[in-house]
Amino acid sequence: MTTKEVNSHLPVYPIMFAIGGCHLLNDTLQSVIPAMFPVLEQERGLSFTQLGFIFFCLNMVASVLQPVVGYFSDRKPMPYALPIGMTFSMLGMAGLAFAPSYALILLSVIVLGLGSAVFHPEGSRVSFLAAGNKRGLSQSIYQVGGNSGQALAPLISAFILVPLGQIGAAVFILVAALGIYILTRISRWYKEQLDQEKKAKRKKVVLSTIGKLTSKQVGTALTLLFIIIFARSFYVTTITSFYVFHLIDHYNLKIESGQLYIFLFMALGAAGTFFGGPMADRIGRKKVIVLSLLAPLPLCLLLPYAPLWAVSLLLIGIGFFIMLSFSVTVIYAQELVPSKIGTMAGLTVGLSFGMGALGAVGIGMLMDTIGVYQTMILASFLPFIGLVGLGLPKDQKVGAAVSASPK
């Protein structure tokens, strides 16, 4: 496919928004897990380490399987895997609501993680197919759907799980059922696109803005990108899953009030995710990634020491900027290896889940060992690791590669 053919393809906005909406539903189901942490701590008497292992099981399954699903979908796309994945999520949610023991809770979140692993690579592929020449916008709509679903976790905790307890998770079986219905319709469109490509005897390809790189350069860039994802995911998990305990201990807030601060962080993170993609389309991928790394650093350092009135302002700034590059890192990885769309989506998003999983266990163990406040201080230095992103290919080099690419 020529550059002209790619650029003349118009975005399919109904599909872009529909798959973004389903991403919201999928990640709303996942967000029930950290939202339930305060409830499980009180009802089941679980330690911070045990809570961390619940998050580990959920995200590690998604992390390991997403690249595998992405690899096989690159070889043979599977349109109807989307509703099948959501069905696994529904089964996991049903199990979570009625699990009578810690072991069955872990089993339920593993099934939920399996559903998420199936959904994400194929969902990202649908977003790409519908994008046309608006790849950054399409990826942002898709990812902001997921981040918006995750942002609902504090509200789910405050207004559903705290009043109803563990069984309140049963409400979200209906959310999964809605997702299955919409994804079945999307899968029909997805299959039609694949049939058209097959008849035309050509595949839709990614036109990379990075240009030709050697295998070593690609490997180095991917390594730096994965380190950035590690730092971001580790820190975001600290805030979304455990910062509420700091708010309760240090500021004497109730669970419901503390969760509203977490919601503020995650809502602004969703906003940052949305703006990041279109911004990258205009000014370049690396500039957005670097801005996302540098802007929140001083705010993260101040957060553990801030008075309560300043906490919300800091969380707004950190949430927006640290998530600005979320969709951009996915696009960047896909353009580094343009022949492996699903694999790169699975690796980048899956790695986010995996690093979040490891982070949850590590943070939980630290909090049990040295205390909540000291853990928050240590975690404030995590974003500095992401500064390795300064070594990514320069914008000038990317621009030169694009202008030199064959038409």
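This is a predicted model: local features need pLDDT of at least 70, side-chain atom pairs count only at pLDDT 80 or more; totals for chains, interfaces and linings use all residues.
Close-up A. With a relative accessibility of 46%, Phe72 counts as partly exposed.

**Close-up B. A salt bridge between Arg125 and Glu122.** Here the two side chains meet with an N to O distance of 3.9 Å, and the cut-off for calling a salt bridge is 4 Å. Both partners sit in helix 6 (residues 102–131), three residues apart, which means about one helical turn separates them. So is Arg125 buried or exposed? Arg125 is buried, at 9% relative accessible area. Glu122 is buried too, with a relative accessibility of 0%; the limit for "buried" is under 20%.

**Close-up C. A salt bridge between Asp195 and Lys191.** Now we hop over to helix 9 (residues 172–200), where Asp195 and Lys191 are four residues apart, again about one helical turn. Their side chains pair up at 3.4 Å, N to O. How accessible are the partners? Asp195 comes out as partly exposed at 32% relative accessibility, and Lys191 is likewise partly exposed, at 38%.

**Close-up D. The salt bridges side by side.** How many salt bridges does the model have by this rule? The count comes to two. In one, Arg125 in helix 6 reaches Glu122 about one turn away, and in the other, Asp195 and Lys191 of helix 9 are also about one turn apart.

Conventions: Residues are numbered from 1 along each chain as its sequence is written. Side-chain values use heavy atoms; hydrogens and water are left out. Helices (H or I, at least four residues) and strands (E, at least two) are DSSP runs, numbered from the N terminus. Buried means under 20% relative accessible area, exposed over 50%, partly exposed in between (1.4 Å probe, protein chains only).
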